[in-house]
Amino acid sequence: MNEPRTALGDAHPLDDPVTASLTGPHAHFAERRGRILRYPPDVTPWVALPDRPEAGDWADAAALAGPGGIITVTAFREPPPDDWEVVFHAEGVQLVDAGVEAAPYPEAVRLGPADVPEMLDLVARTRPGPFAPRTVELGTYLGVRRDGVLVAMAGERLRPPGWSEISGVCTDESVRGQGLAGGLVRAVAHEIRERGETPFLHAAASNTGAVRLYESLGFALRRRTPFLAALAPGHPPARVPGTGRGDVREAATH
């Protein structure tokens, strides 16, 4: 039997950021069954699999997810068993801080649990990917309000040791083109650096607009990495918390 990926050894933490997070700074979120680790589904759908999962590992993943439940994985290229329904499989990019001009953003306000209804509403309008009622617990979230309405936000998701992923970047259509996304990304990067950590992020390789924005901010390509989302055997089909099922394809990339 191969060793679980929770024993990272000399691997770089960004090679398997989900396992590195769930066995490191986010260990208090980890739910485990056998060799499978995951975040609670009301936090985020990320799951950590072994390098070469066996039949028992897939059974444990299915038991954790529940019938029709979703798992989202990265840095993993093996297809799931035939009784799993793959709903998204694509190449992504992993970008790291290569000189981001991190700085506070004057309009930014700190968001917390009391702001979750507004955050979920913004997610529903902009569809950046899954955002669940407890996603805000993963790290710092900053937002911008205009006329009392939350119109943009960005925050943190995965937390491998020494690193923090910027995620949940979204801007309402009414204020796009005003630099809010860039300003909030720089502000979240500032918060990360203040803790002595380094920001990184993921994007779909096909989302060239987002990749260009992040590169213009000072992020550089570290590697390409696959994203896969699949539904466990059984019914009913899953719905990603905070989004419609159609947003599963965006689960790993923002």
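The legends below describe close-up views of a predicted model.

Figure 1. Arg223 belongs to strand β11, which covers residues 219–231. Arg223 is buried but takes part in no salt bridge. Asp15 is the nearest side chain of opposite charge, at 4.3 Å, beyond the 4 Å limit for a salt bridge. The side chain of Arg223 instead meets backbone oxygens: that of Leu14 at 3.0 Å and that of Asp15 at 2.9 Å. Leaving aside residues up to four places away in sequence, Arg223 touches Leu14, Asp15, Asp16, Pro17, Ala75, Gly92, Val93 and Gln94.

**Figure 2. The largest nonpolar core.** This core has 27 residues, and Ile166, Tyr214 and Phe219 touch the most other members. Two or more residues each come from β5 (85–97), β7 (141–146), β8 (149–156), β9 (163–171), α4 (180–194), β10 (198–204) and α5 (208–217). Helix α4 makes the greatest contribution, with eight residues. Beyond four places in sequence, the contacts of Ile166 are Gly155, Val185, Val188, Ala189, Ile192, Pro199, Phe200, Leu201 and Phe219. Another core, of 19 residues, lies apart from the largest one and includes Val18, Leu158, Phe200 and Phe227.

Figure 3. The whole structure contains five aromatic pairs. For Phe131 and Tyr141, the ring centres are 5.5 Å apart and the planes stand at 80°, so the pair is edge-to-face. Phe131 sits in the loop between α3 (116–126) and β7, and Tyr141 sits in strand β7, so the pair links parts ten residues apart in sequence. Phe131 and Tyr141 are both buried. Trp163 and Phe200 form another edge-to-face pair, with 6.3 Å from centre to centre and 85° between the planes. Trp163 is in strand β9 and Phe200 in strand β10, so this pair ties together parts 37 residues apart in sequence. Trp163 counts as buried at 16% relative accessibility, as does Phe200 at 0%.

**Figure 4. Ala27 in the loop between α1 and β1.** The loop that holds Ala27 runs between α1 (17–22) and β1 (31–33). With 38% relative accessibility, Ala27 counts as partly exposed.

**Figure 5. Salt bridge between Arg146 and Glu107.** This is one of 17 salt bridges in the structure. The closest N and O atoms of Arg146 and Glu107 are 2.9 Å apart. Arg146 lies in strand β7 and Glu107 in the loop between β5 and β6 (109–111), so the bridge ties together parts 39 residues apart in sequence. Arg146 is partly exposed, at 26% relative accessible area, and Glu107 is partly exposed at 33%.

Figure 6. Asp121 and Arg125 meet at 2.4 Å, N to O. They are four residues apart in helix α3, and therefore about one helical turn separates them. Both are partly exposed, Asp121 at 41% relative accessibility and Arg125 at 35% relative accessible area. Arg125 also forms a salt bridge with Asp172, at 2.7 Å from N to O. Asp172 lies in the loop between β9 and α4 and Arg125 in helix α3, so this bridge joins parts 47 residues apart in sequence. Asp172 is buried, with a relative accessible area of 13%. Elsewhere, salt bridges with shared partners connect Glu156, Arg159, Arg195 and Glu197 in one network.

Notes:
Residues are numbered from 1 along each chain as its sequence is written. This is a predicted model: local features need pLDDT of at least 70, side-chain atom pairs count only at pLDDT 80 or more; totals for chains, interfaces and linings use all residues. Side-chain values use heavy atoms; hydrogens and water are left out. Buried means under 20% relative accessible area, exposed over 50%, partly exposed in between (1.4 Å probe, protein chains only). Lys and Arg count as positive and Asp and Glu as negative; His and the chain ends are not counted. A polar contact is a pair of N or O atoms within 3.5 Å; within protein, one must be able to donate a hydrogen and the other to accept it, and residues adjacent in sequence count only if both atoms are side-chain atoms. Contact means heavy atoms within 4.5 Å. A nonpolar core is a set of buried Ala, Val, Leu, Ile, Met, Phe, Trp, Tyr and Cys residues joined through side-chain atoms within 4.5 Å. Rings of Phe, Tyr and Trp (its six-membered ring) pair if their centres lie within 6.5 Å; planes under 30 degrees apart count as stacked, over 60 as edge-to-face and the rest as tilted.
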